[in-house]
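Please look through the sequence and the model shown here. The paragraphs that follow lead through them part by part.

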Amino acid sequence: MERIVHHLRQSKQILVATHFNPDGDAIGSLIAMALALDALGKDVTLFNESPIPAVYRFLPAVDRIVRQVETVDRYDTAVVLDCGDVSRIGALAPALDRIPTLLNIDHHPTNTGFGDARYVDDTACSTAEILYRIFKRLPVAISQDIATAIYTGILTDTGSFRFANTNRTAFAICVEMMEKGVDPYTVAKHVYGTYSLGRIKLLNLALDSIELLNEGRLSVMTLTRDMMTETGTQPEDVDGMINYAKRIQDVQVAVLIQEINGSGSPGFHVSLRSDGSVDVAALAAHFGGGGHHRAAGFTAEMPLPAVKDGIRNWLARHQAD
Ligand code: 5GP
Ligand code: MN
């Protein structure tokens, strides 16, 4: 914490970045940090490799987020948020080596400890919670815009205060953010309110794809590129669908396998959720990914049956009876 605060105060030209395929915590944290650094008079660039999902485009400063950075050499500091591994930034990750100071702020237990200074706390419900703590140590007033970004990060990373990471602090910070002018109804309306027809049709296909394996303790949902093309949807439209697979009675582990490459080399992003009886961060790590005890993921370049068999075999060895 002290070193992070020190570096933030010293910095002048700052690149703030979060993981590709961003969720509400990644985008909320990116914006909250950038606006706080603005308030300190810094020169700030907001970076995310992916398009920003439609449901988060109501957030302040969202139009300032760039998907490409021409000259990394002009930055003295990079702030990487909500990334267990620096490679989660995407193609820009190797270039960050050319920036003198790299700060790692995150809440994933699998965080690799990259960077010159780090503030990693897996007891925080979200990266937004950690930023709130940092802002309290900086001469920065939490504006309504910063509050909206922090609130959105906490709301979405706790699954609207339903997930196991929901803690007392999550509520306390959100109350304070309301006092700074956040209207929960307005945020919820944007984040959960409106879906395209394509997204609903995709949900239909996703639900239909669910298989129960390993004596009903494992549920697998599969989404192909064809399904996305057929419904005219984007990767962002898949957000949250895994929760249906997880809700099924007696299921301990839910898996969403999403095809990400064309018909050439097979490629999948795999999302994992657990009821707590299985550490899916360990399962993800086995395949080169990471995450939290109850929510994790990895990318696999192998045929679909191999992905499923790999998960089934790992679980057969690790799932509690
Ligand atoms: P999701 O399933 O929503 O994509 O991700 C769930 C959790 O797992 C998130 O905390 C995310 O950061 C982590 N995660 C997802 N995919 C990957 C991955 O490919 N690598 C790593 N290290 N973590 C991942
Ligand atoms: Mn997060």
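Contact here means heavy atoms within 4.5 Å, and an angle between two elements runs from 0 to 180 degrees between their N-to-C directions, with axes fitted to C-alpha atoms. The model is a predicted one.

Strands of a sheet pair through backbone hydrogen bonds, either parallel or antiparallel. E11 and strand E12 (residues 295-300) run antiparallel and are joined by two bridges. Opposite Gly290 stands Gly297 in E12.

In soluble globular proteins, nonpolar side chains tend to be buried together. The largest nonpolar core in this model has 53 residues, and Met33, Ile134, Phe135 and Ile150 have the most contacts inside it. Helix H2 (residues 24-39) supplies the largest share of this core, nine residues. Beyond its neighbours within four places in sequence, Met33 is in contact with Leu8, Val16, Val79, Leu81, Ile105, Leu131 and Phe135. A second, separate core has 21 residues, among them Ile257, Leu272, Phe287 and Trp314.

Which residues are the protein donors of the manganese ion (ligand 2)? They are Asp25 (OD), Asp82 (OD), His107 (NE2) and Asp157 (OD), at 2.3 to 2.4 Å from the ion. Their spacing in sequence is D-x56-D-x24-H-x49-D. His107 lies in the loop between E5 and strand E6 (117-120), while Asp157 lies in helix H4 (residues 144-157), so the pair ties together parts that are 50 residues apart in sequence. His107 is buried, at a relative accessible area of 3%. Asp157, at 16%, is buried as well, because the cut-off for buried is under 20%.

A last stop is Ala93, in the loop between strand E4 (77-81) and strand E5 (101-106). Is Ala93 buried or exposed? Its relative accessibility is 10%, so Ala93 counts as buried. Leaving aside neighbours within four places in sequence, Ala93 is in contact with Val86 and Ser87. Asn111 is 18 residues from Ala93 in sequence, and the two are 15 Å apart in space, C-alpha to C-alpha.

Key:
Residues numbered from 1 in each chain as written. Chains lettered and ligands numbered in written order. Predicted model: local features only at pLDDT ≥ 70, side-chain atom pairs only at ≥ 80, totals over all residues. Heavy atoms only, no water. Helix = DSSP H or I, 4+ residues; strand = E, 2+ residues; numbered from the N terminus. Buried < 20%, exposed > 50% of the residue type's maximum accessible area, 1.4 Å probe, protein only. Donors = N, O, S within 2.8 Å, 3.2 Å for Na, K, Ca; no water. Pairing = 2+ DSSP bridges. Core = buried A, V, L, I, M, F, W, Y, C linked by side-chain atoms within 4.5 Å.
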